Amino acid sequence: MDVKIEASWREALKEEFNKEYFTKLRDFLIEEKSKYKVFPLGSKIFEAFNLCPLYKTKVVIIGQDPYHGDNQAHGLCFSVQKGTKHPPSLVNIFKEYNSDLNFPIPQSGELSSWAKQGVLMLNAALTVRAHQANSHSGKGWENFTDAAIKAVSDKQDNVVFILWGSYAQKKSLLINQNKHLIIKSPHPSPLSSYRGFFGSKPFSKTNNWLKEHNIEPINWKL
């Protein structure tokens with residue numbers, strides 16, 4: 001695995017690349033790719049970092065692992081490639097987007113315009129075996145992405161962390177809550193969205209915080 005990652009992230013995470021877990025992770029991925037299809041494409045594994053440099057990060061959205069269907073994952077949590085049907089969680093995110101901001105439901109589920117504005121759309125595991133959810137969880141990626149979350153917390157000010165569901169909410173332990181905003185709600189999946197995801201207004205709450213701290217808000221419109 002050739003690590004092509006944006007310069008500010010490479011600097012912030014340089015120690016991670018030399019740790020034993022990362023060597024084991026690299027070996028695991030080489031072995032995995034020799035036997036199975038792995039998503040996303042190798043060139044897109046670090047897409048969340050490459051589209052959103054550390055020094056530009058204003059918002060962090062945390063997912064668990066990439067979509068495992070064909071033509072879905074492209075390196076940003078909850079986002080799918082253009083022309084791909086919206087998965088159930090994204091359908092619900094767009095329902096809340098419509099309710100919160102009064103924007104029409106987007107045709108495309110490709111969210112890279114958010115990433116380019118400073119939204120780090122980070123899955124805890126950055127790869128997955130095709131058609132097997134969570135198949136690369138517990139292989140080392142979480143060490144790496146935890147280090148990235150901590151880097152944002154330590155090096156940036158007044159960031160909004162959007163934590164949907166209990167898995168993401170556990171990451172709050174990595175975040176300095178004295179200088180950042182954490183927005184928590186149930187996960188947008190159909191299994192839990194009705195328990196409080198709908199009506200949680202994460203998009204407008206994020207922009208209100210950014211504006212209060214004289215930070216350019218996110219243009220969420222797709």
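In what order do the four strands of the open sheet stand? The order is S3-S2-S5-S6, and the pairing is parallel. This is a predicted model: local features need pLDDT of at least 70, side-chain atom pairs count only at pLDDT 80 or more, and totals for chains, interfaces and linings use all residues. Residues are numbered from 1 along each chain as its sequence is written, and side-chain values use heavy atoms, with hydrogens and water left out.

**The sheet**

Helices (H or I, at least four residues) and strands (E, at least two) are DSSP runs, numbered from the N terminus. Two strands pair if DSSP finds at least two bridges between them. Strands of a sheet pair through backbone hydrogen bonds, either parallel or antiparallel.

Strand S3 (119-123) and strand S6 (181-185) are at the edges. Each has a single partner strand, so one side of each lacks a neighbour in the sheet. Neighbouring strands are turned by 20° against each other on average, direction ignored. Strands S2 (residues 59-63) and S5 (residues 160-164) run parallel and are joined by four bridges. Ile62 has Leu163 in S5 as its bridge partner.

Helix H7 (residues 141-155) packs on this sheet and touches S2, S3 and S5. The direction of H7 makes about 155° with that of S3.

**Two helix pairs**

Axes are lines fitted to C-alpha atoms, for helices over the stretch in contact; angles run from 0 to 180 degrees between N-to-C directions. Contact means heavy atoms within 4.5 Å.

| Pair | Angle | Axes |
|---|---|---|
| H5 (residues 88-101) and H9 (residues 202-212) | about 55° | 8 Å apart |
| H3 (residues 20-35) and H7 | roughly 125° | within 9 Å |

Angles under 35 degrees count as roughly parallel, over 145 as roughly antiparallel, 65 to 115 as roughly perpendicular and the rest as oblique. H5 and H9 are therefore oblique. H3 is oblique to H7.

In H5, Ile93, Glu96, Tyr97, Asp100 and Leu101 meet Pro202, Phe203 and Ser204 of H9. In H3, Tyr21, Phe22, Leu25 and Leu29 meet Trp141, Asn143 and Phe144 of H7.

**The cysteines**

How many disulfides are there? A disulfide is a pair of cysteine sulfur atoms within 2.5 Å. By this rule the count is zero. Why? The sulfur of Cys52 is 11 Å from the closest cysteine sulfur, in Cys77, which is too far for a bond. Cys52 is buried (under 20% relative accessible area; exposed is over 50%, partly exposed in between; 1.4 Å probe, protein chains only), with a value of 0%. Cys77 is also buried, at 0% relative accessibility.
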